[in-house]
Amino acid sequence: MNKIVKALIYIFLTFMAVIYLAPLFWVIMVSFKTNAEIFTDPFALPQSFFIDNYTFAWTAGQLGAAMANSLFVCVITLILSMILGSTVSFAIGRMKWKLSGLVLVYFMMGMMIPVHCVLIPLFTRFAKIGLSNNLWGVILPYLTFSLPTTIFIMTGFFKSLPNELLESACIDGCNIYQIFVLICMPLAKTGLFVTGLMTFVANWNELLLAMVFISDDTKKTLPVSLSKFVGPYNTNYSQMFAAIVIAIIPTIIVYCIFSNQIVDGLTAGAVKE
Amino acid sequence: MEKLLKDKKAIAIFVLPAFLLFTFILFIPICQSIYYSFCDYDALTLPKFVGLKNYKNLLIDDVMKTSLKNSVFFLIYSCVTQLIMGLILAGLLTNIKAGRNFFKNVIYLPCVLSSAALGLLWMFIFSPKLGINQILAKYGMEGPLWLMDIKGFITLPMWVIAFVALWQYVGQSMMLYMAQISGISTSLYEASYIDGCSKLQSFRNITLPLIKPMVGTAMSLNAIGSLKFFDLIFNMTEGGPNHKTEVLATHLYTQGFKFFKYGYASAIGTVLLVLCLLMTFLINRAFRTDDM
C-alpha cells in the first residue's frame, strides 16, 4: 500500500484514539485535585494526590454501599440468566418439539421491546407484592431482559455441537439431564462466558429501571447513586469526578482483561444469523 | 436417542421457568401498558377506561412534540452517522496490521462504560464556564452555551448530546462491520486487483454488497438503541433547558414517575413501542437479502 496513505490512516486513527482516551485520562487526573484547582488550572497535573475526594465519595456519597448493591444484583442476575438461558437454549437448539421455533420467536421479541414500556405496570404490580424498593424487584426485570441475547447466542452454540457426541452419550446410558449437564454445558463454556460478560456489563450500567424501582438510599445501585453528585446545589466537581472514576474503573478493568471475549460476544450475537 | 430428545417432561422443565418469567415480567406488562394507555390512571386512582383521551392529549402536548422531534432526529442522526463512521473505521482497521487491536479496543471501550457516568463527565466538559469553554477563553474566544442554548429547530444541546452518543456507541457498529469484513474471503479481493480494481473500487463493489445484511443488523440495533436513549440525556441536561432536549424516554419518565400520570405515560410508552417495532420491520425489509 502507498506509504502516504498508510501514514494518513495512522494519523487519523491516532487522532481518534486521543479523542477516546483524553477524556478518560483527564477525569482520572482531575479526580485527585481540590475543587479550587479545577477552577484555576483544570488541565495541569494535580499538585498533590488529594485522596479526600475518594474517601468522601466512597463513604458520605455511599458509593461503597452502592457498589455492593450493584455487585449483588449483577451477580445474581448473571447466575440465574446463565442457568435459565442455557436450559431454554438447549431445549430449543437440540431437542425436538413442534413449538420450538415459535417459542424462540417469543423470546426474541424481548430484543425489540424497550424496558420503558413495562416500567409502569411492573412498578404498580411490584408495589403491591412488596418488590418495590427491593433489590429482587430489580433483579427479575434485569434477568428477563438479558434472556433474549443469552438465548440467541446459546441456541447457536448448542446447535453447532456435533451430533455424534450426544449419540455416544446416549448409548453410554446418559439420560437427557446428564447429557445437558455433563456433556453439553462443559462444551458451551465459551458461549456462557461471553454471554455472561455481556449480561454483567449491561446490568452494571443500567440506570432507568433501578432509578424508578429503588427509592431507598441504602439500596441504590451505582449508576443511580452517581446522580447524588450533580444538581443545582452541588458544585463540588472534584468529588463528582472521583465518583465517576469509582463507577467506571471496575468495567475498565474487566474490559482490559476480557476485551477479546466481549468483542466475540457482541459479534457472535449478530454474525450467526 | 430420538426418544430422549423428544422427552416432553424434560422440555417442560428446561423451558417453563424462563417462559413463565418472560410472560409475567414482559408479555403481560406490555399488554397492561397498552391497556393503561387508554385509561385515566394515576398514583391515587384505579385505571378507568377513557378511550383515546390520552392520545388526544399527546397531540396537543408541546413537550411531546419536542420529544418526538428530538427522538426522530436522534434516530436518523445515529443511523446515518454510525453507518458512515462505523464503516470508515472498520474499513481502515481491517486494512492495517500493526495496532489494529489497540485502536479497536480503545474505540469500543466507552460502549461498556456506564453512560450515566460518562454523561456527567461530558456535562462538565460542555459546561458554560469550565471544560471546553475554559480552553477557548484562554485564547480569548467565548464558547457557546453548549448545553443551554435554546435556539433553532434542533437545538445546540441536542447536537452536543448526539455527538457524545456517537462517540460512545460507534464502536459497536465498527465492531460488527469488522467482524463481517474479516469474514470475506481474500481471494475475492485478489481477483479484483488482478482485474485492475483500486482499493476503493473493491471496497465499493465487494465489501459493501457483502456486508449488506450486517448493515441491517447494526442499523436496527442503532435504531432501537437511539429510541430507548435515556441515560446520557438524563445526566447531561435532564431534558432541559425548558424541555428543549426532551426525548420520548425522558418525557415518559417525567410524566410517569415525577407527576405519576400512569395512563398518560403509558400512551407515550405505546408510541415508543410502535416506533421500535416499525423501525425494526422497515430496516429488516430494506436490508433483506433474498439469497440468505
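A residue is taken as buried if 20 or more other C-beta atoms lie within 10 Å of its own. In this predicted model, buried residues account for 47% of the 273 residues in chain A.

Chain A is built from 13 helices and has zero strands. Its radius of gyration is 23 Å, well over the 19 Å that the globule rule gives for 273 residues, so chain A is more spread out than a compact globule. The C-alpha trace of chain A spans about 75 × 65 × 30 Å along its principal axes. Contacts in chain A were also sorted by sequence separation. Among those between residues at least 6 apart in sequence, 78% join residues at least 24 apart.

Chain A touches chain B through 65 residues of its own and 68 residues of chain B. On the chain A side, helix H13 (residues 237-271) gives the largest share, 14 residues. The side of chain A that touches chain B comprises 51 nonpolar, 10 polar and four charged residues.

Two residues of chain B stand out by backbone geometry. B:His243 is not a glycine, yet has a positive phi of about 65°. B:His243 sits in the loop between helix H12 (231-236) and helix H13 (248-257) of chain B. It has 19 C-beta neighbours inside 10 Å and therefore counts as partly exposed, since a buried residue needs 20 or more.

B:Phe260, also a residue other than glycine, has a positive phi near 55°. B:Phe260 falls in the loop between H13 and helix H14 (262-286) of chain B. With 15 other C-beta atoms within 10 Å, B:Phe260 is partly exposed.

Methods: Residues are numbered from 1 along each chain as its sequence is written. Chains are lettered from A and ligands numbered from 1 in the order in which they are written. This is a predicted model: local features need pLDDT of at least 70, side-chain atom pairs count only at pLDDT 80 or more; totals for chains, interfaces and linings use all residues. Two residues are in contact if their C-beta atoms, placed from the backbone, lie within 7 Å. Helices (H or I, at least four residues) and strands (E, at least two) are DSSP runs, numbered from the N terminus. Ala, Val, Leu, Ile, Met, Phe, Trp, Tyr, Cys and Pro count as nonpolar, Asp, Glu, Lys and Arg as charged, and the others, Gly among them, as polar. A residue is buried if 20 or more other C-beta atoms lie within 10 Å of its own, exposed if 12 or fewer, and partly exposed in between; C-beta atoms are placed from the backbone. The radius of gyration is taken over C-alpha atoms; the globule rule is 2.2 Å times the number of residues to the power 0.38.
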